[in-house]
Each structure stands twice: as structure tokens, then as C-alpha cells.
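I opened this notebook to record what I looked up in the structure, going from helix packing to aromatic rings and then to the backbone.

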Amino acid sequence: MLCLCYNKCMKILLLEDDTALANILVDFLEDDYEVVQTYSMQEALRLSEAEHFDLYIFDINVPDGDGISLLKEIRSFHDETPAIFITAFHDTRYLKAAFESGGNDFIRKPFELEELAQRIANIKRHFGLEYLVELGEGMVFDTQTHSVMKEGEKITLTSKESECLHYLYKNRHRVVSSEELLQNFWEFDEMPGDDAIRTIVKNLRKHLGKEHIVNIRGEGYRFE
């Protein structure tokens, strides 16, 4: 359930129960991003299911649970949205647990706001969250206009092709199943069959080259 609202700025879900710190972080982040903030683990879980986000920033210790358990539950629903943990704990067991739950980065309190900004920038580079994504030599994907510039030629994609390409790129380190793609791009009551995904992937392979989207028989697809 990655954010697919390409015409809007990057959207962050912030779980932080320290009111003063939460206000500071929201004020800082809202200069560049859309921020939804909550103090509750259960509310964060509800929001993650109801809305699309590009990044999660979770405090580990909150009154009604913890960010690590929250991310484990979110990951069980095939939600691969990148996540940064923030915590006052300095014990390495929390660091280990954070990464084992599916976290992508970890920052200890107290921290400078610029450090958080750099960690977010690193996540954006790694997961292709900038609006211009370099897919390969001579090929740039514009997520806002749903188009690919390939060797000077502009290729216009449908919105679903664009969403699928962006998702595969963000998850290029692993194989993505057709079921996962269907769950991320359609509401349950509107979900088509596997043929819809096969058609989208076929079109993308025609536009980009077969070598960039590999069909792993019986498993799904991987961007290379």
C-alpha cells in the first residue's frame, strides 16, 4: 500500500506520543511533505489501512503499544512502505528488533532535525520516491506525468501502468506477486483478475524492454 498520489508531495505517517517532539517534527517536516500525525499505535494502524503513505516514522515506545509490533502487523499485509524508527532506547536489542520487524532505518533521541532530513533523503533515493526516477541508462521515469523518457523519446503510460512500474521499482530487491499488485492498486470490490496484471506487465515490458521486468514463473515479477 504505497502512496500512488503522484501529483501530491510525499506523504508521511508519524507516530510519536511526546507532544512537544511531535509538534517540532510536524512543523519541520511540513515544509516539504504532507504529514499525518498520531499519538496512538491503534490509530496509526487504522490510518495505514485507510490511506496511502510514502514513509512511516514510528516511535518505538507509545502508550498503547509499540512501533515495532505495529510495523510487524503492517508488513503482514504486504505493506512495504519504508519505515524509520525513532526511540530513546539505546539498547542494541531494540535496534535488532526494529530491523527484524521490517524497519529500514533507526534514529536515537535526542537527534538533530537535519539528521532526520538526511535519513529521509536516503530513503527517498533508495526507494525511488523522488518524482524523477532513473530506471537505467538513458531511461527516466516521471511519476508525476506518468511518462518515461527513453533515449529521447517520451512514452506515456496509463495510470495503472505507472503505479505498477513505480511499485516494482520500489521493491526491486524482491519478487512481487500478482496478488500483491492487485491488492495495492484496486479496492477489494473492484479487483480484477490476474489477466489485468499480465496485460499491464506486458505493456511495460514492450515500452521498457523485456530485460527490465523479469517474469519469475509461479512467483511474480521483479524489476532489474
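**Terms and model.** Before reading the handedness of a helix pair, I note that a crossing is left-handed if the near helix is turned anticlockwise from the far one by less than a right angle, and right-handed if clockwise. This is a predicted model, in which local features need pLDDT of at least 70 and side-chain atom pairs count only at pLDDT 80 or more, while totals for chains, interfaces and linings use all residues. Residues are numbered from 1 along each chain as its sequence is written, and side-chain values use heavy atoms, with hydrogens and water left out. Helices (H or I, at least four residues) and strands (E, at least two) are DSSP runs, numbered from the N terminus.

**Entry 1: H6 and H7.** By the handedness rule, the crossing of H6 and H7 is right-handed. I then looked up the geometry, with axes as lines fitted to C-alpha atoms, for helices over the stretch in contact, and angles running from 0 to 180 degrees between N-to-C directions. Helix H6 (residues 159–170) packs against helix H7 (residues 178–185) at an angle of about 125 degrees, and the axes are 11 Å apart. Angles under 35 degrees count as roughly parallel, over 145 as roughly antiparallel, 65 to 115 as roughly perpendicular and the rest as oblique; H6 and H7 are therefore oblique to each other.

Which residues meet here, taking contact as heavy atoms within 4.5 Å? From H6 I listed Lys 160, Glu 163, Cys 164, Tyr 167 and Leu 168, which meet Glu 180, Leu 181, Asn 184 and Phe 185 in H7. The residues of this contact divide into five nonpolar, one polar and three charged, where Ala, Val, Leu, Ile, Met, Phe, Trp, Tyr, Cys and Pro count as nonpolar, Asp, Glu, Lys and Arg as charged, and the others, Gly among them, as polar.

**Entry 2: H6 and H8.** H6 also packs with H8, at an angle of about 80 degrees and with the axes 10 Å apart, so H6 and H8 are roughly perpendicular to each other. On the H6 side I found Lys 160, Glu 161, Cys 164 and Leu 165, and these meet Ile 200, Val 201, Asn 203, Leu 204, His 207 and Leu 208 in H8. By class, the contact of H6 with H8 has six nonpolar, two polar and two charged residues.

I followed Leu 204, which is found in helix H8 (residues 194–208). Is Leu 204 buried or exposed? Leu 204 is buried, with a relative accessible area of 0%, where buried means under 20% relative accessible area, exposed over 50%, and partly exposed in between (1.4 Å probe, protein chains only). Leaving aside neighbours within four places in sequence, Leu 204 is in contact with Leu 157, Glu 161, Cys 164, Leu 165, Gly 209 and Ile 213. Leu 204 and Leu 157 are 47 residues apart in sequence and 8.4 Å apart in space, C-alpha to C-alpha.

**Entry 3: aromatic rings.** Rings of Phe, Tyr and Trp (its six-membered ring) pair if their centres lie within 6.5 Å, and planes under 30 degrees apart count as stacked, over 60 as edge-to-face and the rest as tilted. I found four aromatic pairs in the structure. The ring centres of Tyr 56 and Phe 58 are 5.1 Å apart with planes at 15 degrees, so the pair is stacked. Tyr 56 is buried at a relative accessible area of 0%, and Phe 58 is buried at 0%.

Tyr 169 and Phe 223 form an edge-to-face pair, 5.5 Å centre to centre and with 75 degrees between the planes. This pair links distant parts of the chain, with Tyr 169 in helix H6 and Phe 223 in strand S13 (residues 220–223), 54 residues apart. Tyr 169 counts as buried at 10% relative accessibility, as does Phe 223 at 5%. Phe 53, Tyr 56 and Phe 58 form one aromatic cluster.

**Entry 4: backbone.** Most residues other than glycine have a negative phi, and most peptide bonds are trans. I noted that the peptide bond from Lys 109 to Pro 110 is cis, with omega near -10 degrees, and that Pro 110 lies in the loop between strand S7 (105–108) and helix H5 (113–127). His 146 has a positive phi, near 55 degrees, and lies in the loop between strand S9 (139–142) and strand S10 (147–150). Phi of Glu 151 is also positive, near 55 degrees; Glu 151 sits in the loop between S10 and strand S11 (153–156) and counts as exposed at 72% relative accessibility.

Technical notes. Contact means heavy atoms within 4.5 Å.
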